[in-house]
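This report describes one structure for a reader who has not seen it before. Please look over the sequence and the model first.

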Amino acid sequence: MDHPLIDLINARIAQAEAEGAFDNLPGAGKPLPECDDPENALLNRIAKEHGATPEFVSLSRELAKLREELRGEGDRTARHRLMKDISMMEARVDIARRAFTRSR
């Protein structure tokens, strides 16, 4: 089923086209850039332009901090807690990485 406003949308596009609104646009006449994920291309571009990082990257950074903290920790109880935290973080990184690669 068509969108209820499809006729209005097409009329506005035709009017803009007739008025030259689409003339001299950057990249006119050139092929569109290759895109691995067309469904999420806009979302991915906006995230990249604004410095967003995938969840698995930020979790990996947290994991590295935990490992560094473990190296400097002498208390046995604290080391045990850190090792549990590291194990959980490794699982979170793995899950996030799999979700990220599936979405691409």
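The model is a predicted one. L32 sits in the loop that joins α1 and α2. Between L32 and N10 there are 22 residues in sequence and 22 Å in space, taken from C-alpha to C-alpha.

F22 also belongs to the loop between α1 (6-18) and α2 (41-49). With a relative accessible area of 41%, F22 is partly exposed.

α1 has 13 residues, which at 1.5 Å a residue should span 18 Å. The C-alpha atoms at the ends of α1 are 18 Å apart, in agreement with that value. After α1 comes G20, which has a positive phi near 80°.

In soluble globular proteins, nonpolar side chains tend to be buried together. In this model the largest nonpolar core consists of 10 residues: F56, L59, L63, L66, L70, L82, I86, M89, V93 and A96. At least two residues of this core come from each of α3 (55-72) and α4 (76-103).

Which residues does M89 touch, leaving aside those up to four places away in sequence? M89 is in contact with L59, E62, L63 and L66.

Definitions and conventions: Residues numbered from 1 in each chain as written. Predicted model: local features only at pLDDT ≥ 70, side-chain atom pairs only at ≥ 80, totals over all residues. Heavy atoms only, no water. Helix = DSSP H or I, 4+ residues; strand = E, 2+ residues; numbered from the N terminus. Buried < 20%, exposed > 50% of the residue type's maximum accessible area, 1.4 Å probe, protein only. Expected span 1.5 Å × (residues − 1). Core = buried A, V, L, I, M, F, W, Y, C linked by side-chain atoms within 4.5 Å. Contact = heavy atoms within 4.5 Å.
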